[in-house]
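Hi everyone, thanks for making the time this morning. Let me put the model up on the screen, and then I'll walk you through it.

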Amino acid sequence: MKFLIPYSRFLILLVLCALISFLSPHFLQTSNLINILRQAAILNILGVGMTIVIITGGIDLSNGAVLALSSCTAAILLKDVGLPMPVAIIAALLIGSCCGLINGAMVSKVAIPPFVITYAMMFFTRGLAFLLLQGKIIYGFTPEFRFIGTGYIWGVPMPIIMSAVVTFIFIFIQKYTPFGSEIYAVGADEEASMLSGIRTKSVVIRVYILSGILSALAGIVYMARLNASEPVIGEAFPLDAIAAVLIGGTPLSGGEGGVGGTVIGALVITIIINAMNLLGISSLLQTFVLGALIIIMISVQSHSRRLFSLPQIFPVNRKAAGS
Amino acid sequence: MGFKESFLAKIRLVPNAAYMFLMTLLIFAIFSPSFLSLMNFSNIILQSSMIIIVALGMTTVMLSNGIDLSVGSVMSLTGVVTGHLLASGSGFVLSILGGIGAGVFCGAFNGLMIAKVGLAPFIATFGMMGIADGLSLFAAGGETLYWEEPMFDVIANGHFLAVPAPVWIISVIFFIVYLILYKTPFGINIFALGGNEEGLRLAGVRIVRNKIGIYILSGIIASFAGIMLASRIASAHPTGGFGYEFEAIAASVIGGTTFFGGRGGIVGSVFGALIITLIRNGLSLLGYTTPWQYCLIGIILTVCVTINTFYSR
Amino acid sequence: MIPRYKMVTVLVAVFMIVGLSFSFATDPAFAAGKYKMIFIVKSLDNPFWDRMRSGAEKAAKDLDIDLKTLAPIKPYNVEEQLRFMEDGITQKVDAICVVPADSKGIVPGIKKANKAGIPVVTPNSRAYGGKVATWTGAQNRDVGYDIASYALKVLGGKGNVIILEGTPGNQTAIDRKKGFDDAIAEHPGIKVLASQTAKYSRVEGMRVMENLAQRFPKIDLVIATNDEMALGAVEALDAAGRLKETKITGFDANNDALKSISEGKMLATGDQRPDAQGYWGVVAAYCYLEGMPVPKDLFLPAPVIDASNVKQHLK
């Protein structure tokens, strides 16, 4: 049995699925599983951004608000100003990276705690989104744009493809690029990383910029799927993304973990909500179930890790560059 | 030290938040005609009462290098429990005790998960946030609770010796927390947990017991805030406390407490909470709509924390 | 390290400059109108309140009233509404129009306004206490009943129904659902498959509908307590290719819903006419201030809108 332990997170996911399919025959239907993957896609994209931020020992509370602001901007550019799709998308990504830049700069240069600056950024960008849209909802985009959210390539829904592409890119970054190792090094020990020649401030800034870009990307997929854009979207996202990362095994202290785990975390959360809908669990109890399950899952994980002290499901890249 | 030196030393101990508070006060006083009125100050105190109370609890937890994300949901749950008891005629005292009991329960659970199971405080209290929220919704049947109990209304709306009741209540809570933090061994342990947990463990202090105590304290304080909220809006809304945990953290951070425990203080947090409320109130009086308030709160928060960071080096 | 006093001086200067620019950049707190009023809605996140706001502002323009509309940052948060009322009292406004997020929770604020001699008007939702000059609106329960009855009649009194509830604890959602339940009780051939919350949000409506569509292969009708959730359900069923066999109703008559009805995607919605509620609320406050008699309740008829009359409502 011991050989199964490195895959503990994956196992928990399988156990969860088995349990639910036992309780509800609809769970394992192909269309339901595709639904789950599609619903988890946006959370996954945000989760990837959150993962790299948390690995450096930080946190990003502003991703929901940045998602809203960038999607509202894109919506206005698309409908009111009439700009072509690529321009609007690039504009949205630019906004995401600007917000990320500010976050990263404040964290690394001014040494403001990430929690606080991203919390402040959350307020600021949310306010901007409201001011931009003045209480309206922008509705109805072109079919080409909507393809991003509702289209299929080779039978696979677009959101799933985008989320998979993002995941693979970042797994590649974290495992095979120097930047990846630098992220882990900074999270594990910033002092030592600086002394071994890593430009820690630049790493931190880049990480937040990436988180901002991913939030904007998620915003684009979101509005394409929903066919609407409004300033209030994404309120729950920061906490959900953090939950996905934590369930995925990346600790808040940073320095370890990885994007692969976050995928599982996002799936777990989405599956639980899906199951609650399928099983008809009273709406009133849904937060209770989610909270309790998160605690149970993370307890099980941390205990199994401690019992056997084994590495994560996707091996962690801990080499400090230059050592 | 001579008198002058000790006085100057005490001045240096005044948290930055106090200066920022004065400055914010001045700005709004100059630019807003209706700001400087007794009625407005009375309002500000009422409006800030919940944040101040929750911030006191949050600061205590943060000083021990922890965090309690569940305080908002505990506030809601307390309101619902107290509301049920009041509505069923259990009377003023029993209902409040019931509410506080909810806070103790949640705090104890938090403490156990953190100290015994070893979960990180963020995760444990994050899970508790969902649990308490769900319990609160379920217990309230998804509806708002109401009651008839004039004595309960006094908590937020009454006056004693011409001073609003919340001022008295906040002062008492502040005093108690101050005593606990600075005059008891428990308080010393709280600071020590924040600075050097290993050292404390090696010194033979029962870490588990202390940690559970800290989170129970946080839960109790959160339930006080929940009772205050329920009294202020004369009802118990199952998600009424939503968002207070973040405001409490912001207030503590503006006040100078950091996430690494050990530094900062409750005095700063009170000022931090007041600053947040002041900004909302002042902007409202100046005629700013909500979206502008959002943006400005973000900017001012950043400015305040930047000042704090520069001055703690 | 910059000495503290220098830093403080610089900051004060910065704040002063910023503060000065505040007053020039935006509207002054209250311009010169005949009366000053504040209009407090329930939240910023629904076009319903936006329509009410424009109705109120139209009345303000017609009557030369200086009106400020406010909404809580946390949606449906009665504590923030209380704060707005208190601040309004401090600024000595002439009248307060407030849509109570909580019918009893708002009472302390109303009592304070009463004590200050400021009349209070409550459009759309009632307040259970304090002295209120007038209430304008439609009954949520009744309109809910009307919409559901209409939809059930279209179904011929038999079929599978799913209810999408609003935000848990929200009084409007509770009232509307009661209307649905009452209508359903009159049709024994109707089976309620599920009643789940989609928190008044479009994306939640979409997600819940996707999950429920998995579980129930045959859904004849989806009744939602607001348009946003209904529109989300439309998107979900459309993507699954099941829009033809399922009828969907909403509530609020927001623009997107009206478009959806005219495209044949949604069956019906109910129009509470929030703009009229806002408009007449302000007018009622004005009348009160002018000393004219004002009725305690101003009922505004709320039509059910379907494909037959949607054209006249589309803007």
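I'll go through the chains and the places where they touch.

A word on the source: this is a predicted model, where local features need pLDDT of at least 70, side-chain atom pairs count only at pLDDT 80 or more, and totals for chains, interfaces and linings use all residues. Residues are numbered from 1 along each chain as its sequence is written, while chains are lettered from A and ligands numbered from 1 in the order in which they are written.

Let's begin with chain B. Its secondary structure comes to 14 helices and 2 strands; helices (H or I, at least four residues) and strands (E, at least two) are DSSP runs, numbered from the N terminus. How does the radius of gyration of chain B fit a compact globule? For 313 residues the globule rule gives a value near 20 Å, and chain B has 20 Å, which agrees. That radius is taken over C-alpha atoms, and the rule is 2.2 Å times the number of residues to the power 0.38. Along its principal axes, the C-alpha trace of chain B spans about 60 × 60 × 40 Å.

Of the 313 residues in chain B, 58% are buried. Here a residue is buried if 20 or more other C-beta atoms lie within 10 Å of its own, exposed if 12 or fewer, and partly exposed in between, with C-beta atoms placed from the backbone. Among the contacts in chain B with a separation of 6 or more, 79% are between residues 24 or more positions apart. Two residues are in contact if their C-beta atoms, placed from the backbone, lie within 7 Å.

Now zoom in on helix α4 of chain B, residues 71–87. At 1.5 Å a residue, its 17 residues should span 24 Å, and the end C-alpha atoms are 24 Å apart, which agrees. The expected span is 1.5 Å times one less than the number of residues. This helix is mostly covered, with 15 of its 17 residues buried. After α4(B) comes Gly89(B), whose phi is positive, near 80°.

Over to chain C, which has 11 helices and 12 strands. Buried residues make up 60% of its 315 residues. Residues 24 or more positions apart account for 74% of the contacts in chain C with a separation of 6 or more.

Chain C holds an open sheet of 6 strands, in the order β2-β1-β3-β4-β5-β11, with parallel pairing. Two strands pair if DSSP finds at least two bridges between them. Which strands are at the edges? They are β2 (65–70) and β11 (297–299) of chain C, each pairing on one side only. Neighbouring strands of this sheet are turned by 20° against each other on average, direction ignored. Strand β1 (residues 35–40) of chain C runs parallel to β2(C), joined by 6 bridges, and Phe39(C) has Thr69(C) in β2(C) as its bridge partner. Helix α3 (residues 78–90) of chain C packs on the sheet, touching β1, β2 and β3 (95–98) of chain C, and its direction makes about 170° with that of β1(C). Axes are lines fitted to C-alpha atoms, for helices over the stretch in contact, and angles run from 0 to 180 degrees between N-to-C directions.

Elsewhere in chain C, strand β6 (residues 159–165) has 6 of its 7 residues buried. β6(C) runs parallel to β7(C), with 7 bridges, and Ile163(C) is partnered with Ser195(C) there. β6(C) also pairs with strand β8 (residues 221–224) of chain C, in the parallel sense over 4 bridges; Ile162(C) has Val222(C) as its bridge partner.

Finally, chain A and chain B. Their contact takes 35 residues from chain A and 38 residues from chain B. On the side of chain A that touches chain B, α5 (114–133), α11 (237–247) and α13 (286–308) of chain A each supply at least two residues. The largest share, 13 residues, comes from α5(A). By class, that side divides into 28 nonpolar, 6 polar and 1 charged. Ala, Val, Leu, Ile, Met, Phe, Trp, Tyr, Cys and Pro count as nonpolar, Asp, Glu, Lys and Arg as charged, and the others, Gly among them, as polar.
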